[in-house]
Amino acid sequence: MAAFLFHLGRYMILMWRVFSRPEKLSIYRKRLFDEMVSLGIDSLGIIMVISVFMGAVITIQTAANIDSAFIPTYTIGFTTRQSTILEFSPTIMALILAGKIGSNIASEIGLMRVTEQIDALEIMGVNSRAFLILPKVVAAVLINPFLVVISMFVSIGGGYLIAMFSDIVTIADYVYGIQLDFRFYHVVYALSKSAVFAFILTSVPAYQGYYASGSALEVGKASTRGVVQSSIIILVANYIITQLFLI
Amino acid sequence: MIEVHGLYKSFGDKEVLKDINARFETGKTSLIIGASGSGKSTLTRCLVGLIDPNEGHVLYDGRDFLLMGTKERKRIRKEIGFLFQHSALFDFMTVEENVRFPLDMLTNMSKKEKDNRVAFVLERVELSHAHKLHPSELSGGMKKRVGIARAISPKPRYLFCDEPNSGLDPQTSIVIDSLIQEITHENDITTLVITHDMNSVIEIGEQIFFIHKGELWWEGTQHEILKTDNKELLSFVDASGFLTNKKG
């Protein structure tokens, strides 16, 4: 418990320093765009591949689980859309990105720590916490909702491909299902939680990397800790947000 | 000038620095020497504020660094250049970007002024041709020279060099030592070099401070060190193989 409180306190202090006033806005602006490319555009490929298969599998599994003749087949499209928007695109993508981006952030910052690059920033009088972490967190919070929207479209598109190339559901029924009882609030809810997840999947690994010490081995451990902890926190946050906003 | 008065530092029960008193003169290259674990790196980290000492005063031209608030410390830090043992260059930047970085972050220079300053310091360390390279593409000696260029680009008043010769061949070590001394004299800055390279001591040590078991054991010049009868210092010099090599 004492260790948990220690890390929680240190994380809060780190975040306080991260969000303090930046020294040179022009430098931060440039770093923000670089990070948006690195965290966003560079993740687009994996997001699209996972999403298309995710949508296809949801469609097949839903069809496979509908036994009753009284349940209309457009339910398959409806279920694919709801599962994708409410859960799969925001949460599964966040967990995937926690692995991809989180390990990258923790190892990058951790390596800068053990090679004294962070000390170099501090000696120059630069706020190393803000300089290294703020652009990553802001970039992820801004770009992640866009990635999630793309994931939603591609995932529903994956289901459409199944409708097109198999006979488990007709294209007309699938398209009717994905349009049925659409609530924009669900998209707002999904995008809001994706922004929260983006904050977690960048700030937690950044914390682990920033306080890494010793050798490259320690950086590897910090990276693993960053991914595991951010994944667990994302799942807990997912539960809390769902409880608060959906019930 | 940097003055240190009554500096103490402990980690838990272990006393690492004990009552350090020293004066590092402007325009001179001061060397802090001592065996590994003697406390010289801790001393330097206390001087630049990376570690807070338990007790004592560090004065930068009369300004007490340890009594300052964060803002004032930041101002002093802008006057400090630091060359790290492993250079600590930013991997994601080119040589030119590394050298330009302190100017971007710490000064209000125009783009043209920055361009001129970067070109000048890269020329000074003879690396104009390497400005587009990344640190991973540089040799150990080149990295040190980029480290020096980055440290001096914002025209610091104080320059700290942590083991500038570690990992370098003897010939490159001489080049780096000479460069540090020339820069010190040209810019009339206060330079502190941490080393256990006795060749550096003899080549550039205008002021030498020998740290032993966390205490300032001996203080003198490059000429005086060869005539010393201080047992611990003699033992350190002897262990470095310097005297044997000279006799040989």
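Modeller: We begin with a definition: helices are DSSP runs of H or I with at least four residues, numbered from the N terminus. In this predicted model, A:Leu32 lies in helix 2 of chain A, which spans residues 25-40.

Colleague: Is A:Leu32 buried, exposed or partly exposed?

Modeller: Burial is read from a count of neighbours: 20 or more other C-beta atoms within 10 Å make a residue buried, and 12 or fewer make it exposed. A:Leu32 has 16 such atoms within 10 Å and is therefore partly exposed. Leaving aside residues up to four places away in sequence, A:Leu32 touches A:Pro135, A:Val138 and A:Ala139. A:Tyr239, by contrast, is 207 residues from A:Leu32 in sequence, and their C-alpha atoms are 30 Å apart.

Colleague: In what order do the strands of the sheet in chain B stand?

Modeller: The order is 2-1-4-5, in an open, antiparallel sheet of 4 strands. Strand 2 (14-24) and strand 5 (63-64) of chain B each have a single partner strand, so one side of each is left without a neighbour in the sheet. Strand 1 (residues 2-11) and strand 4 (residues 55-60) of chain B are joined by 5 bridges; B:Val4, for instance, has B:Val58 in strand 4 as its bridge partner. Helix 1 of chain B (residues 40-48) lies across strands 1, 2 and 4, at about 65 degrees to strand 2.

Colleague: How many residues of chain A are in contact with chain B?

Modeller: In chain A, 13 residues contact 15 residues of chain B. Helix 5 (residues 117-123) of chain A supplies the largest share of chain A's side, 5 residues.

How values were computed: Residues are numbered from 1 along each chain as its sequence is written. Chains are lettered from A and ligands numbered from 1 in the order in which they are written. This is a predicted model: local features need pLDDT of at least 70, side-chain atom pairs count only at pLDDT 80 or more; totals for chains, interfaces and linings use all residues. Two strands pair if DSSP finds at least two bridges between them. Helices (H or I, at least four residues) and strands (E, at least two) are DSSP runs, numbered from the N terminus. Two residues are in contact if their C-beta atoms, placed from the backbone, lie within 7 Å. Axes are lines fitted to C-alpha atoms, for helices over the stretch in contact, and angles run from 0 to 180 degrees between N-to-C directions.
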